[in-house]
Each structure stands twice: as structure tokens, then as C-alpha cells.
2 protein chains.
Amino acid sequence: MRLLLIEDERELANALSAALSKQGIVTDHTLYLADAFELTLQNKYDAILLDRRLPDGEGLTFIPKLRRAGVDTPVLVLTARNEPMERVEGLDLGADDYLGKPFLVEELMARVRALLRRPPTLEEQCIRVGRLHIDPLHLDVLSGSVPLDLPKRELLVLQALAKRKGKTVLRSTLEDAVYNYEEEIQSNALDAHISRLRKRLAEADAGVTIHNIRGVGYLLREE
Amino acid sequence: MRLLLIEDERELANALSAALSKQGIVTDHTLYLADAFELTLQNKYDAILLDRRLPDGEGLTFIPKLRRAGVDTPVLVLTARNEPMERVEGLDLGADDYLGKPFLVEELMARVRALLRRPPTLEEQCIRVGRLHIDPLHLDVLSGSVPLDLPKRELLVLQALAKRKGKTVLRSTLEDAVYNYEEEIQSNALDAHISRLRKRLAEADAGVTIHNIRGVGYLLREE
DNA sequence: CTGCCAAGATTGCAACAGCATTACGGGGAT
DNA sequence: ATCCCCGTAATGCTGTTGCAATCTTGGCAG
């Protein structure tokens, strides 16, 4: 569980981080909206705790910006500006909850828990070829319902082929998919991977075949 | 938009219904939890507004009953019982929000709108793998019916793995789950945690194994 | 039809990066 | 004062992977 805390009172921030840490929650802390934005793009937070008065602006402006960037992490506004109409303002700008300072850590925790019970739904897309189910985001491959534990390189090859199933993938494209710029290969390493992958797919009865097109590349086909 | 209002003060209920009606919101109203339960089964509400002190009991008891019946409708508790710890109690019983009386109708509306923006589905609060029961929100881990108390970091690792049981979790994802960006690690601390966690899981006969995928990450499997 | 050659397939092997385990000690909590 | 957590580092281990040697296949020309 990981939160982003955007708060300019250092003492409060430290106290909160400590309290949350005891509850098994990892907290990143920043004072600046600009930093916060970068952090949300780099990490995946379960929720965001947001102060309003910040050195580089009104915290509430952060929420629409976040939403426009396609981030739908729950946001809990945490502020001394706690008049009813200020709360309305915050909520209508997209906040999911609004808690006035001072507050009990227990209440904060309970409200965070309430938010976490309704996590943003992300549908994980899954490529299907033959009996294979491939989750490219998470590097998982099932054959039927049996998990295949593929080594990294073979996995990358299979992924690259599956992403364009039925269509030819250039040899050079495959190489790019498996090796980054620093790792150059001076041999038939790719062929070796293809071969080993073929064997594994056959053993696992995956219902797919890797075809070769001379001088061009490879393609993945259902049997 | 259709709400269920469970409230015993008639004047308040009428005033609210009228106000909501002006916003184009249809409101069903009842005083009794028993009636409310029937109504939720017969109709599909967008949200439920719930008082605590009701003629036939404590309103909060209604929420677990609802959830057990498989109803995920957001619940907003609306009550004069507005001490912080009372709010915690309500939220932890499954309420999605908690608003003390007296309140502005505008704020109620804003909070309802906020609820409606969230996903209508609730997440399982308990993850089960092998003989393990993990409640990530309350830091409980049971192996069978024996409580395991794991050190914080090991718990975080286990949580991260269990949340995606059977699927690969990238090493970097695990690191993110355990350390914030200030706590950088310069060693194999994560490996050490994995190793200790494995030992503990084996001793506790947890019925799960932590697998490694070289160069990629780890995953949790039932035995 | 046949022969030749280049591209691909396969596989053993050795090297090494990545992992597992464990002991140690500092530091925080009880 | 004691206990335990946890980061560190040393040690040993192992699976993956790049390489190369060898065999197979396919395409093309004569």
C-alpha cells in the first residue's frame, strides 16, 4: 500500500508518515505540486493525500490536472480550510473525500481504507493465441490454465510475436524487442531462443507454431 | 438518479426529499431498517443515505448486512453521532462516507456526487492464497486460523505478492511496495526479506511458495 | 532434376549474472 | 537492558544465455 502525501507542514508530514508506516503504508512526501505530478506519473499510488495551501499554489488545482492526465487515483483533501462550502468546492473539483485539520490519524486511516475499498478498475488486456493467454503488462503466460515459466528472453520473443500474431515480425524488430542498445549480439542468439521457445511451446501443447520466413523474420500462427 | 433515505426525523426527511427532488433526484424514504433491506433488494439505488439512531436499531448494522447480501451500493452515513471515533466506527463497518448533522444540502450533494464517481464495485477485503488469509487494510495475516505476525517489511512483500497471486510481480514493483523514494537500498535487502519470509511461510505451513523468475521478479503460488 | 549455398534449426557447453542463505551489528522499541 | 527488525555483505549455488559447431531446409540456377 503506497500513498503520496502532498503537504507543506513538515512536522505534520513526518508525524503522518511515521504513523502510516506503522500501519504498513509506504508514503512518499513532497511539498510541491510540480514534484507531486512527476511522482504520480512515475509511481502507482493507491491514494493521494493533498493539502490546499502549498508553496507553489492551491492544492485543489492539482486534481483536475491529474484527471486530465488520466490518473484516477483516489484523492483525499487534507486541509485547515474546512468550511462547508470549501469542502463542496474540493469535492466538486474531483476530490474523493475531504478531511479538515486537525484530525485524528485513526479517522484519516479509516477514510483511506474506505477509499481503498473502491479501487480504480483497470482492465488487464490479455492476448490470446491458440491455447495461450499472455498478459504483456505483467509478463505472465498461461497455456490453457497451466502457467508457463519462461525465461526472460524467450518471454520477450513470445510477446513480440504474439503482439502481432499471424503477421510477420522482422528479424530486426525481434532483436530490438529482446535486446537493448547496450547488449549487442554477435551470433545466432535469437535463433537459439526461437528454437528453445518452440520446444517449450510444443511441450506445453500451446496450440501455436512459430513459422520462419526466409530472410525476413518470423510469425506466430495458431495450429 | 435514485437514492434511498433511511431516516427517522420526518421533517428532515421531507426537507431533504424536496431539495433532492429539485436536483432531479428521486428519493425513496423509510424509517425502518427492515423496510430498507427489502427496498434495496427490490430496487437498484445509486446511493444510500443512512441515519444511525433508528426505531428498529443502530443504522450501522445495516451496512454489513447489505454487503453480505452482495449489495455494493455506496452508503453515506448521515447522523448526529459525529465524534471522530464514531466516524471511524462507521467507516470501518463499510460506510463510504460519513457526514455529521447538521449539514448543508450542498455538501451532501457534493459528497454523493463524489461517491458516484467511484467504481460501483467493492474489492474483496480478504485475499486468500493456500492456507493464508490476508487483510491488507488491517494488516492481519492468518495461516489457517493461526495468526502470523510478520515484520513490517515482510508483510509488505507478502501483500504485494498476494495481491497478484499466481502472477509475476516485477522486482521493481516489489521494491516500490516496500520502500519509498527516500529509502534507497544499496544491497540485496529485498532478497533477504524474501528469504526470511519463505522460511516463515514454510514454518507456518502456509501452503504457498514464492517462486523466482530470473531477471524479472517473483510470484506467489499455491503448493 | 540436381546440385549448391545461404539461412535457419538444434543442441552442448561454459561463463556469469542473478539469486539464496546466513551471520553480523546497529538501532529502535518495549 | 533486552529483544527483534532489518540493512549489509560474504559465500555458495544455479539457471539462463551467448556462443559455436553441426545438421537441416529451402530457394535458385543450370
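The surface near DNA strand D has nine nonpolar, eight polar and nine charged residues; here Ala, Val, Leu, Ile, Met, Phe, Trp, Tyr, Cys and Pro count as nonpolar, Asp, Glu, Lys and Arg as charged, and the others, Gly among them, as polar. A residue is near the strand if one of its heavy atoms lies within 4 Å of it. This is a predicted model, in which local features need pLDDT of at least 70 and side-chain atom pairs count only at pLDDT 80 or more, while totals for chains, interfaces and linings use all residues. Residues are numbered from 1 along each chain as its sequence is written, chains are lettered from A and ligands numbered from 1 in the order in which they are written, and side-chain values use heavy atoms, with hydrogens and water left out.

Of the 26 residues around DNA strand D, those that come nearest are A:Arg153, A:Tyr179, A:His193, B:Arg153 and B:His193.

I turn now to the two chains. The contact (heavy atoms within 4.5 Å) takes 54 residues from chain B and 49 residues from chain A. Between chain B and chain A there are 11 salt bridges, each a side-chain nitrogen of Lys or Arg within 4 Å of a carboxyl oxygen of Asp or Glu. B:Asp96 forms a salt bridge with A:Arg118, with the closest N and O atoms 2.7 Å apart.
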